[in-house]
Amino acid sequence: MTLAAMLFMGISVSAVVALTAWCYYRVLFVSRRGAGRDEN
Amino acid sequence: MGNVSVERQTQRWGTRLGLILAVAGSAVGLGNFLRFPGNAAENGGGAFLIPYFIAFLLLGIPIGWAEWTMGRYGGRRGLHSAPAIIGLWGKGATARYLGSLGVLVPLVVYFYYVMIESWCLSYFWGYATGGIGVDESLPVAAQVAASQAHFAETTGANFNGLLAAGGLHSSVIFWLITFALNAWFLYRGLSRGIETFCRWAIPAMAVCALIVLVRVLTLGTPDPALPDQNVAAGLNFMWNPDYAALGNFQTWLVAAGQIFFSLSVGFGVIINYSSYLQKDDDIVLTSLTASATNEFFEVALGGMITLTAAVTFLGLAATQANTGGTFSTGFAALPVVFARMPAGDFFGAVWFMMLFLAAITSSLSMLQPAKAFFQEALGLTHRGATLLVAGICIAGNLFVLWFSKGLVAMDTLDFWVGNFVIFIVAGIQIVCFSWVFGVDQGLDEMRRGAELRIPRWFRFLLKYVAPAYLLVIFVGFCWNNIPQYFRSAVASGDPAVLYAWLVILGSIALLLTVTAIGTRRWRAAGLDIDGKGAAIRPPGKGALT
């Protein structure tokens, strides 16, 4: 596996994992509404 | 229409997380695991991710946010269907009738998508009960041939009239099971059915994918006699960048198309789902979270599993020869991989259960927009609308099931409705949002209750960049595909193409008629369907039902 392949894979996968984790962190722990409440 | 007395739709999402998972479930489908890696490997490998993420930022996120905003705004006015909501944003009858395409897409795509879903269930059952008959001792070419034969048998691709072939074909049984599951969850309703199912199905799908991912990444070099076939070579095949591909327009076109179809924008689902939100519910973070979930499944799981496993067991040449399309990758190449993998039946069962969950969470979302439309436009009860949608879908499914030879009918519906019309619906939506309703008013509505700040440059993005980007990829799609499609359709001479067209035109006629009926009902109920600024009705029981 080339270094470039490793870089592209590492950056791409890390980016989507980080974005997803950040979004769920915001939704679950930071949001003024949180998740799981009966908001409607 | 003097006395309009239909019950206003009072369904609501139970929780925010449930909504996110339901939208993510709609977006995550077979394409995440089967189409994305093939597209990436054929169009620059790792370099493909550059235009892919640019399209995510410039096309996927803004159009998605616009669609969520339109839906929530419509829901506040007691409207839950694409024709009514798009008519509201497009300020008139033209947009409303064009908006009926937003019901056409999920409804007609369901006609064939549930078949693909039932194949996944059939393959899962095959692996769970001892395999699908691909002999591990045969050479790769013979295994691929056996796998293709099994696929043709499962799908009825060898001949038309599967239903009348004598006896009850297994495809029919798995279709009935799949259809019944879909109908049951639709009948259970938005929160108790779709949301409840997605709340456990999405985590279960992630667990299945992680099990397969760990297995694939720990394969090493399974056959010491073939040292070139290993995990690193598989990952390299998928991710090694070919920078020259970035200079090819086709790469940008494929990347934008992949993002566009993967996120389910223009599909008519998000506009309906978000109409069940309340006026101050956040849509910006919620939409981004659902999109991020889709990207996680696509890039972090789909991009790591499928081609890596194929190269490790089949080698580069056989992988390139057998992983060109979604079906060839998922149902021809991967069964050969599982035949060669230790404990392959177990991992095959897990893999196809994961694909089945990905498919059913998508198909469920295709039924709800049509149900909401019939309920709203015809004044049907929840049960009545469910039965009507089920009846129409049974007719559509039987058509696809009957004309199964070469999967021509399915392919025709997929090309025109599952691809071509989606571009049009997305285009109508973004034009209505940014140009007819007004991008500033639209952004004001989007910002209501937002838990993320929308950058100022998104105004420019929504008004100019996203519509232009969409137009370019639509023209590119038509240029690349339509002449070739007509040539092959004429050359095949298969009447199923004509019949599929009749199904599409019949569906359009039905939806336009229902939109006309709905228009009279909505006007009689005093609803502001032309976006002229009438007072917003309070939720709950209203004149409309």
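The radius of gyration used here is taken over C-alpha atoms, and the globule rule against which it is set is 2.2 Å times the number of residues to the power 0.38. This is a predicted model, in which local features need pLDDT of at least 70 and side-chain atom pairs count only at pLDDT 80 or more, while totals for chains, interfaces and linings use all residues. Residues are numbered from 1 along each chain as its sequence is written, chains are lettered from A and ligands numbered from 1 in the order in which they are written, and side-chain values use heavy atoms, with hydrogens and water left out.

**Exercise 1. Compare the radius of gyration of chain B with the globule rule, and describe the chain's overall make-up.**

Step 1. For 545 residues, the rule puts a compact globule near 24 Å, and chain B has 23 Å, which agrees. Along the principal axes, the C-alpha atoms of chain B fill a box of roughly 80 × 55 × 45 Å.

Step 2. Chain B contains 19 helices and zero strands, where helices (H or I, at least four residues) and strands (E, at least two) are DSSP runs numbered from the N terminus.

Step 3. Of the 545 residues in chain B, 64% are buried; buried means under 20% relative accessible area, exposed over 50%, and partly exposed in between, with a 1.4 Å probe and protein chains only. Among contacts in chain B with a separation of 6 or more, 84% join residues 24 or more positions apart, a contact being heavy atoms within 4.5 Å.

**Exercise 2. Locate the largest nonpolar core and the surroundings of B:Phe33.**

Step 1. A nonpolar core is a set of buried Ala, Val, Leu, Ile, Met, Phe, Trp, Tyr and Cys residues joined through side-chain atoms within 4.5 Å. The largest one has 213 residues, and those with the most contacts inside it are B:Phe33, B:Trp239, B:Trp351 and B:Leu413. Helix α17 (residues 408-447) of chain B gives the most to this core, with 21 residues.

Step 2. Beyond its neighbours within four places in sequence, B:Phe33 is in contact with residues including B:Val28, B:Ala209, B:Phe297, B:Trp351 and B:Ala358.

**Exercise 3. Characterise B:Ala377 by its place, burial and contacts.**

Step 1. B:Ala377 belongs to helix α15 (residues 344-378) of chain B, and B:Ala377 counts as buried because its relative accessible area is 0%.

Step 2. Neighbours within four places aside, its contacts are B:Val514, B:Ile517, B:Gly518, B:Arg521 and B:Trp522.

**Exercise 4. Describe the phi values of B:Lys91 and B:Ala343 and where these residues lie.**

Step 1. Most residues other than glycine have a negative phi. B:Lys91, however, has a positive phi near 55 degrees, and B:Ala343 has a positive phi near 60 degrees.

Step 2. B:Lys91 lies in the loop between α4 (82-90) and α5 (93-99) of chain B, whereas B:Ala343 is in the loop between α14 (326-340) and α15. B:Lys91 is partly exposed, since its relative accessible area is 32%.

**Exercise 5. Describe chain A and the setting of A:Ile11.**

Step 1. Chain A has one helix and zero strands, and 35% of its 40 residues are buried.

Step 2. A:Ile11 sits in helix α1 (residues 3-30) of chain A, and A:Ile11 counts as exposed because its relative accessibility is 58%.
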